[in-house]
Amino acid sequence: MTPFPFVDIHGTPRERGRQYGAAATDRTRKSVEVYARQLRDLGYSWDEIRGFVADFLPKMEDFAPELIEEMRGIAEGANVDFEAVALINCRTEVMQLAHRRKGMVEDDPDGCTGAVIMGPASADGSVIHGQNWDWRAECAETAIVLRVRREDGPDVLTFTEAGGLARNGMNSVGTAITANYLESDRDYKLGVGIPLPLIRRKALELEHFALSLRTIAVTPKSASNNMILSHAGGFAIDFECAPDETFPLYPEDGLLVHANHWISPVALSKLREAGTPSTPESFYRDWRVKQILKARHGKLTAEDMKAAFFDDFGSPYAVCRPPRPSQHGNLSATVAMVIMRPAEGIMEVAPLPALNRTFTSYSLDLSRRTKNAA
């Protein structure tokens, strides 16, 4: 099975974007088509799709003007409309709003099971951070691994849909991020927030882990989302995020695992879980991963995290999901398994892991860490 393409960019934000768009033209256009097609099937014209995107642009530009510049460069490099690239970066929010405007519910959420192994749970005391990304099977043909070499902050390595700024990833100072879909009764009721890829990329561009935590925790969002952050120095935290409030969860015995349902007792006392209809198997996915990891507590390696993420209990509604029709007929699957060792700057990725167990390794040049921090 073909590995995800590796795109390496550097320079100013606009220059980086042009390099990105030129290197990933075909996949970027496919990314646009995945979501534009579904919006057209709902009856929306391209002008109406532009209107959805335009609602987010003012806040996006205030939040991270340099990332908007990079997106404009991507559009130039791939020879697509800027709004098409912006659509990729706010597709979660736009797809939900587009369905709601038609009186429908978008029941094809990103699934995802994320985990962190740290401290006494690992064989050598190092942090291992990973995720299974469950989404449309066709996105195995639109995703890439992107490395951003920066002169004004840490370098970034991220797995993302082509045209996107970040999905999950890590930086050269040891910060790593994964994200999982959540739903609550507060979603899309409190106004326009910052789209999730911008939040994740911004957090990875910051030199200090504390500032990354702040970015995830306090940036207003349109809807709920779960984000796990770790640091190579030996820390991990899970933020269950409502649009206007964040609920932290900490590792237990060196393990942190999260799927697609709310866990925080404080969160559950204040809001209503809304994701069960679309991801009922979430209630055993995180439990299965945790039990598999606990069995080798103190000896855990990246290979053990892979073994946990390959779990097929309840298949096709499993931690590792083979391609299957979703409730609305889209072919859903675990699109990628991503395993990160942030202290080493190593990311391993396998496309469609229920069908393929071959990983490709991607890396950051950690020798640049000292140069950039000087």
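Biologist: Which ring does the charged end of Lys102 sit over?
Modeller: The ring of Tyr44, with the charged end of Lys102 4.8 Å from the ring centre. A charge sits over a ring here if NZ of Lys or CZ of Arg is within 6 Å of the ring centre and within 35 degrees of the ring normal. Before you go on, this is a predicted model, where local features need pLDDT of at least 70, side-chain atom pairs count only at pLDDT 80 or more, and totals for chains, interfaces and linings use all residues. Residues are numbered from 1 along each chain as its sequence is written, and side-chain values use heavy atoms, with hydrogens and water left out.

Biologist: Good to know! And what does Arg136 lie over?
Modeller: The face of Trp135, at 5.1 Å from the ring centre.

Biologist: How many aromatic pairs are there?
Modeller: The structure holds 10. Rings of Phe, Tyr and Trp (its six-membered ring) pair if their centres lie within 6.5 Å; planes under 30 degrees apart are stacked, over 60 edge-to-face and the rest tilted. Tyr35 and Trp135 have ring centres 6.5 Å apart and planes at 20°, so that pair is stacked.

Biologist: Where do those two sit in the chain?
Modeller: Tyr35 is in helix α2 (residues 25-41) and Trp135 in strand β3, so the pair links parts of the chain 100 residues apart. Helices (H or I, at least four residues) and strands (E, at least two) are DSSP runs, numbered from the N terminus.

Biologist: Is Tyr35 buried or exposed?
Modeller: Tyr35 is buried, with a relative accessible area of 1%, and Trp135 counts as buried at 6%. Buried means under 20% relative accessible area, exposed over 50%, partly exposed in between (1.4 Å probe, protein chains only).

Biologist: Switching topic, how do α2 and helix α5 pack?
Modeller: Helix α5 (residues 82-89) meets α2 at an angle of about 80°, with the axes 9 Å apart. Axes are lines fitted to C-alpha atoms, for helices over the stretch in contact, and angles run from 0 to 180 degrees between N-to-C directions.

Biologist: Which residues make that contact?
Modeller: On α2, Thr28, Ser31, Val32, Tyr35, Ala36 and Leu39; on α5, Ala84, Leu87 and Ile88. Contact means heavy atoms within 4.5 Å.

Biologist: Last one: where is Pro120?
Modeller: Pro120 is in the loop between β2 (113-117) and β3 (128-136), and counts as exposed at 61% relative accessibility. Leaving aside neighbours within four places in sequence, Pro120 is in contact with His297 and Gly298.
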